[in-house]
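Please look at the sequence and the structure shown here. The paragraphs that follow lead through its strands, its core and one of its loops.

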Amino acid sequence: QVRLVESGGGLVQPGGSLRLSCVVSGSPFNIYAMGWYRQGSGKQRELVAAITGELINYADSVKGRFTISRDNARNTVSLQMNSLKLEDTAVYYCNARSGPLNIWGQGTQVTVSS
């Protein structure tokens, strides 16, 4: 059974940084397109960043502030978040896709507050 486990969320002040990590277990990691999504209170879940092979894309709202990376040797995808804003507050979810498979982690809360 494939599992995604996120870590690294927390409370940070505006302008601060956090690093989220997602470890994939139960399946070969390199077959997946990986992504980070987020869902704020009362909002729809949205794509934050995705990485497929060498192709990376970001939501306009996080370009220049967030960086997604993957370590195939450690079955891990990470999201480095800098210059955090109040509006980045959300539950962040890790996602893995391969063919018909579409797998989600349990989510990790990120709260940006002064």
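Two strands are said to pair if DSSP finds at least two bridges between them. Helices (H or I, at least four residues) and strands (E, at least two) are themselves DSSP runs, numbered from the N terminus. The model is predicted, and its local features need pLDDT of at least 70, side-chain atom pairs count only at pLDDT 80 or more, and totals for chains, interfaces and linings use all residues.

Seven bridges join strand 4 to strand 9, and the two run antiparallel; Arg38 stands opposite Tyr92 of strand 9. Strand 9 is also antiparallel to strand 11, to which three bridges join it, and there Val91 stands opposite Gln109. With strand 10 (residues 101-104), strand 9 pairs in the antiparallel sense over four bridges; the bridge partner of Asn95 in strand 10 is Trp104. The hairpin of strand 9 and strand 10 has two residues between the strands, and Gly99 takes a positive phi near 55° in this hairpin.

Is strand 9 largely enclosed or open? Seven of its nine residues are buried (under 20% relative accessible area, with exposed meaning over 50% and partly exposed in between, for a 1.4 Å probe and protein chains only). Strand 9 is therefore largely enclosed by the rest of the structure.

Ala49 stands opposite Tyr58 in strand 6. Two residues lie between the strands of this hairpin, where Gly53 takes a positive phi near 60°.

The next topic is the core. In soluble globular proteins, nonpolar side chains tend to be buried together. A nonpolar core is a set of buried Ala, Val, Leu, Ile, Met, Phe, Trp, Tyr and Cys residues joined through side-chain atoms within 4.5 Å. The largest one here has 28 residues, and Met34, Trp36, Val77, Leu79, Met81 and Tyr92 have the most contacts inside it. Among the elements that give two or more residues to this core are strand 3 (18-25), strand 4 (33-39) and strand 9 (90-98).

Finally, Ser27 is found in the loop between strand 3 and strand 4. Ser27 counts as buried because its relative accessibility is 17%. Leaving aside neighbours within four places in sequence, Ser27 is in contact (heavy atoms within 4.5 Å) with Val2, Tyr32 and Asn75.

Terms used. Residues are numbered from 1 along each chain as its sequence is written. Side-chain values use heavy atoms; hydrogens and water are left out.
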